[in-house]
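Student: I would like to learn how to read a few local features of a model, going from one to the next with care. Could we begin with how a pair of helices is described?

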Amino acid sequence: MTILNDTYTLSNDVEIPKLGLGTWFIDDDKAVDAVRAASEIGYRNIDTAQAYGNERGVGEGVRTAAVPRDTLFVSTKLAAEIKDYDGAVAAVERSLATMGLDYLDLMLIHSPQPWNDFRGGDYAEGNRAAWKALEEAYQAGKIRAIGVSNFLREDLESLLETAAVVPQVNQLLVHAGNTPSELLEYCASQGILVEAYSPIAHGEILKNQEVAAMAERYGVSVPQLCIRYTLQLGAVSLPKTANPEHMRANAEVDFDISAADMEALRGLRAQDYGEHSVFPVYSGT
C-alpha cells in the first residue's frame with residue numbers, strides 16, 4: 001500500500017498525502033474509531049467539515065491516534081452558510097476548539113453558495129470576506145494551507161480578484177462518470193491542487209457494468225479502479241468509509257490504468273446518485 005506514503009506538494013510547499021479518509025456520513029461517536037483505525041493502517045490524511053457534525057470525534061481520533069499529530073494532515077471546511085468576515089473568524093476558532101487541535105493542516109470554504117441556494121445567487125463579496133478570515137488564520141499559523149470546495153472557474157476568478165493568497169486546494173466532486181476536465185485544467189494552471197470527493201460516485205458506480213468489466217480486466221475491485229482513476233488525474237482521492245477492511249482495500253491501488261482506459265473513464269457520463277441525489281452537490285441545484 002505504497003500510495004499511503006505518497007504525497008503531492010501544494011503551492012506553498014506543504015506536503016499533502018495523495019490518499020485520504022473522507023468522513024462524511026460517519027457519526028461523531030464513530031469517527032473516533034474510524035480515524036484511529038485509518039491511522040493504524042497508514043492513512044495520514046483525514047478530511048472532515050463543520051457541516052458533517054463530526055469534528056469533535058475526528059479531533060479526538062487525531063489526538064488519541066497511535067501516531068504523532070504532526071504526521072497527520074487534518075482538513076475541515078467552513079460551513080457553506082458563513083459568508084461574512086466575523087462569522088468566518090469565529091468559525092475557525094470554533095473548529096480548533098471543537099477538534100481540540102492547536103492547528104489545522106487545511107481549511108476550505110465548503111461551497112461558493114449556501115446549500116439552500118447552491119449554484120444560485122451571487123455571494124462573491126461574502127466569499128471574499130470569509131477568505132480574508134482564512135488568509136489571516138493562515139498567516140497566523142493556525143492553518144497550514146487554505147482552499148475552497150465546489151468552486152467553479154467563475155467562483156475562483158471572482159475570489160482571485162482580491163485574494164492575497166491563491167487557494168492551495170479546490171475539493172470537487174470528481175469520479176469516473178463526472179470528470180470536469182476544463183475545471184481540472186484551470187485549477188492546474190493556477191497551481192490549485194484538486195481533491196476528489198466521492199471518488200466512487202457515492203457507491204452508485206458499483207452498478208455500472210462497463211466499469212465493472214474494466215476493473216475485472218485489471219484484477220481489482222470497482223472502488224479500487226475508481227480511486228486509482230482520480231489519483232491518475234493528479235488529484236487527492238478521498239474515499240469515505242468507517243470500515244477498516246474497506247480502508248485497507250481502498251489503499252491497494254498500486255497499479256496503472258492504461259491511457260486508453262483513462263480516456264474511456266474520462267469520457268464516461270454516469271451521474272445517477274440514487275437516493276443521495278437530494279444533496280445539492282449531487283443534484284447540482
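Student: Which hand does the crossing of α1 and α2 have?

Tutor: In general, two packed helices are described by the angle between their axes and the distance between the axes. In this predicted model, the axes of helix α1 (residues 28-41) and helix α2 (residues 55-63) come within 7 Å and cross at roughly 30°. Because angles under 35 degrees count as roughly parallel, α1 is roughly parallel to α2. The crossing of α1 and α2 is right-handed.

Student: Which residues of α1 and α2 meet?

Tutor: From α1 come Asp 28, Asp 29, Ala 31, Val 32, Val 35 and Arg 36, and they meet Glu 55, Arg 56, Gly 57, Val 58, Glu 60, Gly 61 and Val 62 of α2.

Student: Where is Arg 119, and what is its phi?

Tutor: Arg 119 is placed in the loop between β6 (106-109) and α4 (124-139), and it too is not a glycine but has a positive phi, of about 60°. Its relative accessibility is 32%, so Arg 119 counts as partly exposed.

Student: Arg 119 is also listed as a contact of Asp 155; is Asp 155 buried or exposed?

Tutor: Asp 155 lies in helix α5 (residues 153-160), and at 15% relative accessibility it counts as buried, because buried means under 20%. Leaving aside neighbours within four places in sequence, Asp 155 is in contact with Pro 112, Gln 113, Arg 119 and Asn 150.

Student: Which residues of α6 are buried, and what covers them?

Tutor: In helix α6 (residues 181-189), the buried residues are Ser 181, Leu 183, Leu 184, Tyr 186 and Cys 187. Their cover includes α5, β8 (169-173), β9 (193-197) and α10 (259-267). Just after α6, Gly 191 takes a positive phi of about 75°.

Student: How does one read a residue such as Thr 230, and what is its relative accessible area?

Tutor: Thr 230 lies in helix α8 (residues 222-232) and is buried, with a relative accessible area of 0%. Beyond its neighbours within four places in sequence, Thr 230 is in contact with Val 174, His 175, Ala 196, Pro 199, Ala 235 and Ser 237. The C-alpha atoms of Thr 230 and Arg 266, which are 36 residues apart along the chain, are separated by 9.9 Å.

Student: Which residues of the largest nonpolar core touch the most other members?

Tutor: Of the 88 residues in that core, Tyr 43, Ile 205 and Leu 225 touch the most other members. Taking Tyr 43 as the case, and leaving aside neighbours within four places in sequence, its contacts are Leu 4, Leu 19, Gly 20, Leu 21, Ala 38, Leu 72, Met 247, Asn 250 and Ala 251.

Conventions. Residues are numbered from 1 along each chain as its sequence is written. This is a predicted model: local features need pLDDT of at least 70, side-chain atom pairs count only at pLDDT 80 or more; totals for chains, interfaces and linings use all residues. Side-chain values use heavy atoms; hydrogens and water are left out. Axes are lines fitted to C-alpha atoms, for helices over the stretch in contact, and angles run from 0 to 180 degrees between N-to-C directions. Helices (H or I, at least four residues) and strands (E, at least two) are DSSP runs, numbered from the N terminus. Angles under 35 degrees count as roughly parallel, over 145 as roughly antiparallel, 65 to 115 as roughly perpendicular and the rest as oblique. A crossing is left-handed if the near helix is turned anticlockwise from the far one by less than a right angle, and right-handed if clockwise. Contact means heavy atoms within 4.5 Å. A nonpolar core is a set of buried Ala, Val, Leu, Ile, Met, Phe, Trp, Tyr and Cys residues joined through side-chain atoms within 4.5 Å. Buried means under 20% relative accessible area, exposed over 50%, partly exposed in between (1.4 Å probe, protein chains only).
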